[in-house]
Amino acid sequence: MLKVLACVIRRDLLLAFRRRSDLLATVFFFALVVMLFPLGVGPEAGLLRSMAPGIVWVAALLASLLSLGRLFALDFADGTLEQMALSAEPLVLIVLGKVLAHWLVAGVPLVMLSPVLALQFGLPGAAIQVLCLGLLIGTPILSLLGAIGSALTLGVRGGGVLLALLVLPLYVPVLIFGAGAVQAQASGLDAAAHMLLLGGVLAGALALAPWATSAALRIALE
Amino acid sequence: MRPVLHAPFAVRFFAGPRPGWWKYAGAPAFYPLAGRLIPGLQAVAVALLALGLGIGFLLAPTDHQQGEAYRIIFVHVPAAWLSMLLYMAMAFWAATGLALNSRLSFMMARAIAPTGAMFTFVALWTGALWGRPTWGAWWVWDARLTSELLLLFLYAGFMALQSAIDDPRRGDRAGALLALVGVVNVPVIYFSVKWWNTLHQGASISLSSAPLMASSMLMGLLLAALGAWVYALAAVLKRLRCIVLERERHAKWVARLPEVSA
(Lines give C-alpha, C1' and ligand atoms only; values in the text may rest on other atoms or scores of the structure.)
Protein backbone atom coordinates (compact mmCIF):
# COMPACT_ATOMS: atom_id res chain seq x y z
CA MET A 1 0.00 0.00 0.00
CA LEU A 2 2.64 2.48 1.09
CA LYS A 3 4.79 1.34 -1.82
CA VAL A 4 2.09 2.36 -4.30
CA LEU A 5 1.73 5.70 -2.57
CA ALA A 6 5.49 6.34 -2.63
CA CYS A 7 5.66 5.22 -6.25
CA VAL A 8 2.93 7.64 -7.37
CA ILE A 9 4.44 10.51 -5.41
CA ARG A 10 7.91 9.85 -6.85
CA ARG A 11 6.54 9.65 -10.40
CA ASP A 12 4.53 12.88 -10.12
CA LEU A 13 7.40 14.74 -8.50
CA LEU A 14 9.72 13.59 -11.25
CA LEU A 15 7.24 14.71 -13.92
CA ALA A 16 6.85 18.09 -12.21
CA PHE A 17 10.62 18.48 -11.94
CA ARG A 18 11.03 17.79 -15.65
CA ARG A 19 8.62 20.68 -16.33
CA ARG A 20 10.11 23.19 -13.93
CA SER A 21 8.54 26.20 -15.68
CA ASP A 22 5.06 25.17 -14.50
CA LEU A 23 6.30 24.96 -10.94
CA LEU A 24 8.00 28.34 -11.11
CA ALA A 25 5.00 29.96 -12.79
CA THR A 26 2.82 29.15 -9.77
CA VAL A 27 5.35 30.64 -7.37
CA PHE A 28 5.78 33.78 -9.46
CA PHE A 29 2.00 34.13 -9.78
CA PHE A 30 1.73 33.96 -5.99
CA ALA A 31 4.37 36.67 -5.50
CA LEU A 32 2.86 38.84 -8.27
CA VAL A 33 -0.68 38.76 -6.88
CA VAL A 34 0.61 39.69 -3.43
CA MET A 35 2.64 42.51 -4.95
CA LEU A 36 -0.40 43.95 -6.74
CA PHE A 37 -2.18 44.83 -3.50
CA PRO A 38 0.22 47.54 -2.23
CA LEU A 39 0.10 49.05 -5.71
CA GLY A 40 -3.70 48.90 -5.71
CA VAL A 41 -4.55 50.14 -2.22
CA GLY A 42 -1.54 52.37 -1.64
CA PRO A 43 1.64 51.85 0.42
CA GLU A 44 0.23 52.93 3.79
CA ALA A 45 2.09 50.70 6.28
CA GLY A 46 -0.61 50.25 8.93
CA LEU A 47 -3.27 49.34 6.38
CA LEU A 48 -0.98 46.88 4.64
CA ARG A 49 0.00 45.23 7.90
CA SER A 50 -3.63 44.63 8.81
CA MET A 51 -4.43 43.33 5.32
CA ALA A 52 -1.34 41.15 4.90
CA PRO A 53 -2.73 37.81 6.20
CA GLY A 54 -5.81 38.07 4.00
CA ILE A 55 -3.78 39.09 0.96
CA VAL A 56 -1.28 36.24 1.33
CA TRP A 57 -4.06 33.73 1.88
CA VAL A 58 -6.14 34.89 -1.12
CA ALA A 59 -3.02 34.81 -3.30
CA ALA A 60 -2.29 31.27 -2.07
CA LEU A 61 -5.84 30.22 -2.93
CA LEU A 62 -5.56 31.63 -6.45
CA ALA A 63 -2.10 30.15 -7.02
CA SER A 64 -3.31 26.76 -5.88
CA LEU A 65 -6.29 27.08 -8.26
CA LEU A 66 -3.92 27.89 -11.09
CA SER A 67 -1.94 24.69 -10.64
CA LEU A 68 -4.98 22.42 -10.17
CA GLY A 69 -5.63 22.17 -13.89
CA ARG A 70 -2.47 20.09 -14.28
CA LEU A 71 -3.34 17.64 -11.52
CA PHE A 72 -5.10 15.08 -13.73
CA ALA A 73 -5.30 16.72 -17.16
CA LEU A 74 -2.03 15.37 -18.63
CA ASP A 75 -2.60 11.83 -17.37
CA PHE A 76 -6.17 12.02 -18.66
CA ALA A 77 -5.02 13.18 -22.10
CA ASP A 78 -2.49 10.37 -22.67
CA GLY A 79 -4.58 7.60 -21.14
CA THR A 80 -2.40 7.02 -18.06
CA LEU A 81 -5.31 7.86 -15.80
CA GLU A 82 -7.42 5.13 -17.37
CA GLN A 83 -4.68 2.58 -16.72
CA MET A 84 -4.43 3.78 -13.14
CA ALA A 85 -8.16 3.33 -12.68
CA LEU A 86 -7.98 -0.16 -14.19
CA SER A 87 -5.02 -1.27 -12.08
CA ALA A 88 -5.44 -3.62 -9.14
CA GLU A 89 -4.25 -0.97 -6.70
CA PRO A 90 -7.00 1.10 -5.04
CA LEU A 91 -7.65 4.29 -6.98
CA VAL A 92 -8.11 6.20 -3.71
CA LEU A 93 -4.48 5.53 -2.84
CA ILE A 94 -3.25 6.65 -6.26
CA VAL A 95 -5.35 9.81 -5.95
CA LEU A 96 -3.93 10.48 -2.50
CA GLY A 97 -0.41 10.09 -3.88
CA LYS A 98 -1.09 12.49 -6.73
CA VAL A 99 -2.64 15.03 -4.36
CA LEU A 100 0.33 14.80 -1.98
CA ALA A 101 2.71 15.28 -4.89
CA HIS A 102 0.66 18.29 -6.00
CA TRP A 103 0.91 19.74 -2.52
CA LEU A 104 4.69 19.21 -2.44
CA VAL A 105 5.03 20.92 -5.80
CA ALA A 106 2.44 23.70 -5.52
CA GLY A 107 1.75 24.15 -1.82
CA VAL A 108 5.11 23.85 -0.06
CA PRO A 109 6.86 26.52 -2.19
CA LEU A 110 4.07 28.94 -1.26
CA VAL A 111 4.59 28.19 2.43
CA MET A 112 8.33 28.75 2.07
CA LEU A 113 7.90 32.00 0.17
CA SER A 114 5.26 33.43 2.49
CA PRO A 115 7.66 34.68 5.26
CA VAL A 116 9.48 36.86 2.73
CA LEU A 117 6.22 38.33 1.48
CA ALA A 118 5.01 38.82 5.06
CA LEU A 119 8.20 40.75 5.83
CA GLN A 120 7.42 43.08 2.92
CA PHE A 121 4.16 43.94 4.64
CA GLY A 122 5.94 44.58 7.95
CA LEU A 123 4.30 41.74 9.87
CA PRO A 124 5.92 41.05 13.29
CA GLY A 125 7.80 37.79 13.76
CA ALA A 126 5.16 36.03 15.83
CA ALA A 127 2.49 36.80 13.24
CA ILE A 128 4.73 35.43 10.47
CA GLN A 129 5.09 32.18 12.41
CA VAL A 130 1.32 31.86 12.75
CA LEU A 131 0.85 32.68 9.07
CA CYS A 132 3.36 30.04 7.95
CA LEU A 133 1.98 27.39 10.27
CA GLY A 134 -1.54 28.17 9.03
CA LEU A 135 -0.42 27.88 5.41
CA LEU A 136 1.38 24.63 6.22
CA ILE A 137 -1.87 23.13 7.56
CA GLY A 138 -4.10 24.90 5.03
CA THR A 139 -2.39 24.29 1.69
CA PRO A 140 -2.87 20.48 1.78
CA ILE A 141 -6.60 21.16 2.28
CA LEU A 142 -6.53 23.32 -0.85
CA SER A 143 -4.93 20.48 -2.81
CA LEU A 144 -7.37 17.89 -1.43
CA LEU A 145 -10.54 19.92 -2.10
CA GLY A 146 -9.19 21.21 -5.39
CA ALA A 147 -8.61 17.65 -6.58
CA ILE A 148 -12.38 17.01 -6.40
CA GLY A 149 -13.08 20.01 -8.62
CA SER A 150 -10.19 19.13 -10.91
CA ALA A 151 -11.55 15.60 -11.37
CA LEU A 152 -15.11 16.82 -11.94
CA THR A 153 -14.09 19.28 -14.67
CA LEU A 154 -11.78 16.85 -16.47
CA GLY A 155 -12.15 17.34 -20.22
CA VAL A 156 -15.07 19.73 -19.80
CA ARG A 157 -15.65 22.82 -21.95
CA GLY A 158 -14.35 25.98 -20.24
CA GLY A 159 -12.90 23.81 -17.49
CA GLY A 160 -10.67 26.50 -15.99
CA VAL A 161 -13.37 29.02 -15.14
CA LEU A 162 -15.73 26.25 -14.08
CA LEU A 163 -13.04 24.88 -11.77
CA ALA A 164 -12.82 28.28 -10.04
CA LEU A 165 -16.60 28.40 -9.64
CA LEU A 166 -16.69 24.91 -8.12
CA VAL A 167 -13.62 25.08 -5.90
CA LEU A 168 -13.45 28.63 -4.53
CA PRO A 169 -16.67 28.34 -2.45
CA LEU A 170 -15.24 25.19 -0.88
CA TYR A 171 -12.00 27.05 -0.07
CA VAL A 172 -13.77 29.73 1.98
CA PRO A 173 -13.55 27.99 5.40
CA VAL A 174 -9.79 27.51 4.94
CA LEU A 175 -9.40 31.21 4.11
CA ILE A 176 -11.49 32.28 7.11
CA PHE A 177 -9.66 30.12 9.65
CA GLY A 178 -6.22 30.68 8.12
CA ALA A 179 -6.41 34.46 7.93
CA GLY A 180 -8.40 34.53 11.17
CA ALA A 181 -5.55 32.85 13.04
CA VAL A 182 -3.13 35.66 12.17
CA GLN A 183 -5.70 38.33 12.99
CA ALA A 184 -6.45 36.68 16.34
CA GLN A 185 -2.74 36.58 17.09
CA ALA A 186 -2.34 40.22 16.06
CA SER A 187 -5.17 41.34 18.35
CA GLY A 188 -3.56 39.58 21.30
CA LEU A 189 -5.82 36.52 21.33
CA ASP A 190 -4.76 32.92 21.08
CA ALA A 191 -4.52 31.63 17.52
CA ALA A 192 -4.89 28.03 18.72
CA ALA A 193 -8.67 27.86 18.19
CA HIS A 194 -8.34 28.77 14.51
CA MET A 195 -5.43 26.38 14.07
CA LEU A 196 -7.34 23.52 15.66
CA LEU A 197 -10.32 24.18 13.38
CA LEU A 198 -7.98 24.26 10.40
CA GLY A 199 -6.51 20.96 11.56
CA GLY A 200 -10.01 19.55 11.88
CA VAL A 201 -10.82 20.58 8.32
CA LEU A 202 -7.57 18.96 7.17
CA ALA A 203 -8.44 15.70 8.95
CA GLY A 204 -11.92 15.71 7.43
CA ALA A 205 -10.66 16.53 3.95
CA LEU A 206 -7.90 13.90 4.19
CA ALA A 207 -10.47 11.26 5.12
CA LEU A 208 -13.17 12.14 2.58
CA ALA A 209 -11.72 14.10 -0.35
CA PRO A 210 -9.70 11.24 -1.94
CA TRP A 211 -12.85 9.10 -2.05
CA ALA A 212 -14.88 11.88 -3.65
CA THR A 213 -12.04 12.54 -6.10
CA SER A 214 -11.73 8.93 -7.17
CA ALA A 215 -15.52 8.73 -7.60
CA ALA A 216 -15.35 11.85 -9.77
CA LEU A 217 -12.49 10.35 -11.80
CA ARG A 218 -14.48 7.18 -12.42
CA ILE A 219 -17.37 9.34 -13.67
CA ALA A 220 -15.01 11.23 -15.97
CA LEU A 221 -13.50 8.01 -17.32
CA GLU A 222 -16.80 6.26 -18.08
CA MET B 1 -41.58 -16.75 -5.18
CA ARG B 2 -40.40 -17.19 -1.62
CA PRO B 3 -38.73 -14.11 -0.14
CA VAL B 4 -34.97 -14.36 0.14
CA LEU B 5 -34.38 -13.71 3.80
CA HIS B 6 -30.60 -13.57 4.00
CA ALA B 7 -29.92 -11.48 0.93
CA PRO B 8 -28.61 -7.96 1.44
CA PHE B 9 -31.15 -5.24 2.00
CA ALA B 10 -30.98 -3.85 -1.51
CA VAL B 11 -31.57 -7.27 -3.10
CA ARG B 12 -34.57 -8.00 -0.85
CA PHE B 13 -35.88 -4.53 -1.49
CA PHE B 14 -35.84 -4.95 -5.23
CA ALA B 15 -36.65 -8.66 -5.45
CA GLY B 16 -39.93 -8.65 -3.57
CA PRO B 17 -43.29 -7.45 -4.84
CA ARG B 18 -43.13 -3.69 -5.21
CA PRO B 19 -45.75 -1.39 -3.74
CA GLY B 20 -48.19 0.16 -6.18
CA TRP B 21 -46.65 3.63 -6.07
CA TRP B 22 -43.29 2.18 -7.07
CA LYS B 23 -44.13 2.50 -10.75
CA TYR B 24 -43.94 6.29 -10.40
CA ALA B 25 -40.16 5.96 -10.07
CA GLY B 26 -40.18 5.53 -13.85
CA ALA B 27 -40.65 8.48 -16.14
CA PRO B 28 -43.57 7.05 -18.23
CA ALA B 29 -45.83 6.78 -15.16
CA PHE B 30 -44.48 9.83 -13.40
CA TYR B 31 -44.85 12.25 -16.29
CA PRO B 32 -48.68 12.16 -16.52
CA LEU B 33 -49.00 12.05 -12.71
CA ALA B 34 -46.94 15.23 -12.43
CA GLY B 35 -49.06 16.77 -15.15
CA ARG B 36 -52.22 16.06 -13.16
CA LEU B 37 -50.72 17.36 -9.91
CA ILE B 38 -49.32 20.67 -11.17
CA PRO B 39 -52.56 22.70 -11.63
CA GLY B 40 -53.80 21.78 -8.16
CA LEU B 41 -50.44 22.58 -6.58
CA GLN B 42 -50.31 25.92 -8.37
CA ALA B 43 -53.78 26.86 -7.10
CA VAL B 44 -52.88 25.84 -3.54
CA ALA B 45 -49.62 27.79 -3.74
CA VAL B 46 -51.38 30.96 -4.91
CA ALA B 47 -54.04 30.61 -2.20
CA LEU B 48 -51.52 29.98 0.59
CA LEU B 49 -49.18 32.76 -0.52
CA ALA B 50 -52.07 35.23 -0.83
CA LEU B 51 -53.35 34.26 2.60
CA GLY B 52 -49.93 34.29 4.27
CA LEU B 53 -48.74 37.53 2.69
CA GLY B 54 -52.18 39.11 3.23
CA ILE B 55 -52.05 38.33 6.94
CA GLY B 56 -48.43 39.40 7.09
CA PHE B 57 -48.73 42.67 5.24
CA LEU B 58 -52.21 43.78 6.33
CA LEU B 59 -53.25 42.14 9.61
CA ALA B 60 -50.09 41.41 11.58
CA PRO B 61 -49.24 44.06 14.21
CA THR B 62 -46.35 46.47 13.76
CA ASP B 63 -43.16 45.32 15.44
CA HIS B 64 -42.27 47.38 18.50
CA GLN B 65 -38.55 47.44 17.64
CA GLN B 66 -38.34 47.45 13.86
CA GLY B 67 -41.62 49.19 12.95
CA GLU B 68 -43.02 48.31 9.56
CA ALA B 69 -39.65 47.27 8.13
CA TYR B 70 -39.92 43.86 9.75
CA ARG B 71 -42.74 42.89 7.38
CA ILE B 72 -40.24 41.73 4.78
CA ILE B 73 -39.82 38.71 7.07
CA PHE B 74 -42.88 37.19 5.37
CA VAL B 75 -40.89 36.93 2.15
CA HIS B 76 -37.39 36.64 3.55
CA VAL B 77 -37.78 33.75 5.98
CA PRO B 78 -39.79 31.44 3.68
CA ALA B 79 -37.25 32.05 0.90
CA ALA B 80 -34.33 31.34 3.23
CA TRP B 81 -35.94 28.14 4.54
CA LEU B 82 -36.71 26.94 1.04
CA SER B 83 -33.18 27.73 -0.19
CA MET B 84 -31.70 25.33 2.38
CA LEU B 85 -34.48 22.77 2.15
CA LEU B 86 -34.24 22.60 -1.63
CA TYR B 87 -30.47 22.08 -1.43
CA MET B 88 -31.05 19.18 0.95
CA ALA B 89 -33.70 17.79 -1.40
CA MET B 90 -31.34 18.20 -4.35
CA ALA B 91 -28.55 16.40 -2.49
CA PHE B 92 -31.01 13.68 -1.43
CA TRP B 93 -32.08 12.99 -5.03
CA ALA B 94 -28.45 13.19 -6.15
CA ALA B 95 -27.49 10.57 -3.55
CA THR B 96 -30.48 8.42 -4.51
CA GLY B 97 -29.44 8.65 -8.13
CA LEU B 98 -25.86 7.65 -7.37
CA ALA B 99 -26.94 4.78 -5.11
CA LEU B 100 -29.76 3.30 -7.19
CA ASN B 101 -28.73 4.59 -10.61
CA SER B 102 -32.27 5.80 -11.22
CA ARG B 103 -32.47 8.34 -13.99
CA LEU B 104 -35.54 10.14 -12.69
CA SER B 105 -33.71 10.96 -9.43
CA PHE B 106 -30.93 12.74 -11.33
CA MET B 107 -33.53 14.61 -13.36
CA MET B 108 -35.22 15.61 -10.10
CA ALA B 109 -31.92 17.00 -8.75
CA ARG B 110 -31.45 18.90 -12.00
CA ALA B 111 -35.00 20.28 -11.81
CA ILE B 112 -34.64 21.47 -8.21
CA ALA B 113 -31.46 23.53 -8.71
CA PRO B 114 -32.88 26.63 -10.51
CA THR B 115 -35.75 26.98 -8.03
CA GLY B 116 -33.33 26.62 -5.14
CA ALA B 117 -31.01 29.21 -6.63
CA MET B 118 -33.98 31.54 -7.14
CA PHE B 119 -35.03 31.27 -3.49
CA THR B 120 -31.42 31.79 -2.37
CA PHE B 121 -31.25 34.93 -4.45
CA VAL B 122 -34.60 36.16 -3.06
CA ALA B 123 -33.42 35.48 0.49
CA LEU B 124 -30.21 37.45 -0.07
CA TRP B 125 -31.95 40.31 -1.84
CA THR B 126 -34.82 40.70 0.65
CA GLY B 127 -32.20 40.40 3.39
CA ALA B 128 -30.36 43.36 1.87
CA LEU B 129 -33.62 45.34 1.67
CA TRP B 130 -34.29 44.47 5.31
CA GLY B 131 -30.74 45.17 6.46
CA ARG B 132 -30.66 48.68 5.02
CA PRO B 133 -33.32 50.19 7.35
CA THR B 134 -32.55 48.06 10.43
CA TRP B 135 -28.76 47.63 10.35
CA GLY B 136 -27.99 50.67 8.19
CA ALA B 137 -26.11 48.53 5.64
CA TRP B 138 -27.08 46.60 2.54
CA TRP B 139 -24.57 43.90 3.30
CA VAL B 140 -22.35 42.87 6.18
CA TRP B 141 -19.81 40.04 6.16
CA ASP B 142 -21.69 38.14 8.81
CA ALA B 143 -21.52 34.35 9.03
CA ARG B 144 -25.17 33.79 8.08
CA LEU B 145 -25.02 36.10 5.07
CA THR B 146 -21.70 34.78 3.81
CA SER B 147 -22.72 31.14 4.07
CA GLU B 148 -26.00 31.89 2.28
CA LEU B 149 -24.03 33.61 -0.50
CA LEU B 150 -21.88 30.48 -0.72
CA LEU B 151 -25.08 28.46 -1.14
CA LEU B 152 -25.91 30.58 -4.18
CA PHE B 153 -22.46 29.82 -5.61
CA LEU B 154 -22.94 26.12 -4.93
CA TYR B 155 -26.23 26.15 -6.84
CA ALA B 156 -24.52 28.09 -9.64
CA GLY B 157 -21.62 25.64 -9.71
CA PHE B 158 -24.01 22.68 -9.86
CA MET B 159 -25.93 24.17 -12.78
CA ALA B 160 -22.76 25.30 -14.58
CA LEU B 161 -21.15 21.87 -14.25
CA GLN B 162 -24.24 20.10 -15.55
CA SER B 163 -24.61 22.42 -18.51
CA ALA B 164 -20.89 22.22 -19.36
CA ILE B 165 -20.93 18.43 -19.73
CA ASP B 166 -22.56 17.32 -22.95
CA ASP B 167 -23.05 13.67 -22.06
CA PRO B 168 -26.19 13.75 -19.88
CA ARG B 169 -25.25 10.66 -17.86
CA ARG B 170 -21.83 12.01 -16.99
CA GLY B 171 -23.35 15.41 -16.23
CA ASP B 172 -25.88 13.78 -13.91
CA ARG B 173 -23.27 11.88 -11.93
CA ALA B 174 -20.70 14.67 -11.77
CA GLY B 175 -23.35 17.16 -10.64
CA ALA B 176 -24.65 14.71 -8.06
CA LEU B 177 -21.17 14.30 -6.58
CA LEU B 178 -20.74 18.07 -6.40
CA ALA B 179 -24.15 18.45 -4.73
CA LEU B 180 -23.10 15.94 -2.09
CA VAL B 181 -19.75 17.65 -1.47
CA GLY B 182 -21.48 21.01 -1.06
CA VAL B 183 -24.02 19.71 1.42
CA VAL B 184 -21.59 20.45 4.29
CA ASN B 185 -22.52 24.12 3.85
CA VAL B 186 -26.19 23.68 4.81
CA PRO B 187 -25.64 22.91 8.53
CA VAL B 188 -23.13 25.78 8.60
CA ILE B 189 -25.85 28.18 7.40
CA TYR B 190 -28.40 26.70 9.75
CA PHE B 191 -26.24 26.94 12.87
CA SER B 192 -24.31 30.07 11.86
CA VAL B 193 -26.39 32.35 14.09
CA LYS B 194 -25.62 30.07 17.03
CA TRP B 195 -21.94 29.41 16.37
CA TRP B 196 -20.99 32.99 15.49
CA ASN B 197 -22.83 35.57 17.51
CA THR B 198 -22.71 38.30 14.86
CA LEU B 199 -25.16 40.84 13.50
CA HIS B 200 -27.81 38.54 12.04
CA GLN B 201 -30.59 37.92 14.55
CA GLY B 202 -31.12 34.46 15.97
CA ALA B 203 -33.95 32.11 15.06
CA SER B 204 -37.39 33.62 15.74
CA ILE B 205 -39.23 30.33 15.71
CA SER B 206 -38.25 27.23 17.59
CA LEU B 207 -40.00 23.91 18.02
CA SER B 208 -38.88 23.59 21.62
CA SER B 209 -40.09 26.89 23.02
CA ALA B 210 -43.19 29.05 22.90
CA PRO B 211 -43.21 31.48 19.96
CA LEU B 212 -41.83 34.91 20.76
CA MET B 213 -43.97 36.67 18.17
CA ALA B 214 -47.64 37.58 17.95
CA SER B 215 -49.80 34.69 16.78
CA SER B 216 -50.95 36.51 13.63
CA MET B 217 -47.31 37.12 12.69
CA LEU B 218 -46.53 33.44 13.21
CA MET B 219 -49.62 32.38 11.25
CA GLY B 220 -48.74 34.66 8.31
CA LEU B 221 -45.16 33.41 8.31
CA LEU B 222 -46.10 29.74 8.40
CA LEU B 223 -48.74 30.12 5.68
CA ALA B 224 -46.32 32.01 3.45
CA ALA B 225 -43.65 29.37 4.04
CA LEU B 226 -46.10 26.60 3.22
CA GLY B 227 -47.14 28.51 0.10
CA ALA B 228 -43.51 28.88 -0.98
CA TRP B 229 -43.06 25.16 -0.38
CA VAL B 230 -46.02 24.22 -2.56
CA TYR B 231 -44.92 26.71 -5.21
CA ALA B 232 -41.46 25.09 -5.25
CA LEU B 233 -43.06 21.67 -5.65
CA ALA B 234 -45.16 22.87 -8.60
CA ALA B 235 -42.25 24.66 -10.27
CA VAL B 236 -39.91 21.68 -9.82
CA LEU B 237 -42.46 19.23 -11.19
CA LYS B 238 -43.10 21.47 -14.18
CA ARG B 239 -39.37 21.75 -14.91
CA LEU B 240 -38.99 18.02 -14.36
CA ARG B 241 -41.62 17.36 -17.04
CA CYS B 242 -39.65 19.50 -19.48
CA ILE B 243 -36.41 17.67 -18.65
CA VAL B 244 -38.12 14.28 -19.01
CA LEU B 245 -39.52 15.25 -22.41
CA GLU B 246 -36.14 16.48 -23.57
CA ARG B 247 -34.20 13.47 -22.33
CA GLU B 248 -36.72 10.81 -23.35
CA ARG B 249 -37.66 12.35 -26.68
CA HIS B 250 -36.61 9.18 -28.51
CA ALA B 251 -38.74 6.91 -26.34
CA LYS B 252 -41.92 5.38 -27.69
CA TRP B 253 -44.07 6.43 -24.77
CA VAL B 254 -43.22 10.08 -25.42
CA ALA B 255 -44.31 9.77 -29.05
CA ARG B 256 -47.65 8.34 -27.87
CA LEU B 257 -48.35 11.24 -25.49
CA PRO B 258 -51.45 13.17 -26.58
CA GLU B 259 -49.65 16.52 -26.43
CA VAL B 260 -46.78 15.23 -28.55
CA SER B 261 -48.65 13.13 -31.14
CA ALA B 262 -51.36 15.73 -31.72
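The UniProt annotation "transmembrane region", from an unreviewed entry, covers residues 21-42, 54-73, 85-106, 126-148, 160-179 and 191-212 of chain A. For chain B, the unreviewed UniProt entry lists residues 40-60, 80-100, 112-131, 174-193 and 213-237 under that name. UniProt positions are given in the numbering used here, and annotations may be inferred rather than shown by experiment.

This is a predicted model, in which local features need pLDDT of at least 70, side-chain atom pairs count only at pLDDT 80 or more, and totals for chains, interfaces and linings use all residues. Residues are numbered from 1 along each chain as its sequence is written, chains are lettered from A and ligands numbered from 1 in the order in which they are written, and side-chain values use heavy atoms, with hydrogens and water left out.

The model scores ipTM 0.86 and pTM 0.87. Chain B averages a pLDDT of 84, and 87% of the residues score at least 70; pLDDT is the predictor's confidence in each residue, from 0 to 100. Over residues 1-7 of chain B the pLDDT is below 50. This stretch has 3 contacts in the model beyond near neighbours in sequence, where contact means heavy atoms within 4.5 Å.

**Annotated spans**

Helices (H or I, at least four residues) and strands (E, at least two) are DSSP runs, numbered from the N terminus. The table takes some of the annotated spans.

| Span | Helix | Strand | Distance between end C-alpha atoms |
|---|---|---|---|
| Chain A, residues 54-73 | 95% helix | 0% strand | 30 Å |
| Chain A, residues 160-179 | 100% helix | 0% strand | 26 Å |
| Chain B, residues 112-131 | 100% helix | 0% strand | 28 Å |
| Chain B, residues 213-237 | 92% helix | 0% strand | 34 Å |

**Helix packing**

Two packed helices are described by the angle between their axes and the distance between the axes. Axes are lines fitted to C-alpha atoms, for helices over the stretch in contact, and angles run from 0 to 180 degrees between N-to-C directions.

In chain A, helix 3 (residues 45-68) packs against helix 7 (residues 125-152) at an angle of about 35 degrees, with the axes 10 Å apart. The crossing of these two helices is right-handed. A crossing is left-handed if the near helix is turned anticlockwise from the far one by less than a right angle, and right-handed if clockwise. Residues of helix 3 of chain A in this contact include A:Trp57 and A:Leu61, and those of helix 7 of chain A include A:Gly138 and A:Leu142. By class, the contact has 10 nonpolar, 6 polar and no charged residues. Ala, Val, Leu, Ile, Met, Phe, Trp, Tyr, Cys and Pro count as nonpolar, Asp, Glu, Lys and Arg as charged, and the others, Gly among them, as polar.

In chain B, the axes of helix 4 (residues 103-135) and helix 5 (residues 143-164) come within 9 Å and cross at roughly 155 degrees. Helix 4 of chain B is therefore roughly antiparallel to helix 5 of chain B. Angles under 35 degrees count as roughly parallel, over 145 as roughly antiparallel, 65 to 115 as roughly perpendicular and the rest as oblique. Helix 4 of chain B passes helix 5 of chain B in a left-handed crossing. Among the residues in contact are B:Phe121 of helix 4 and B:Tyr155 of helix 5.
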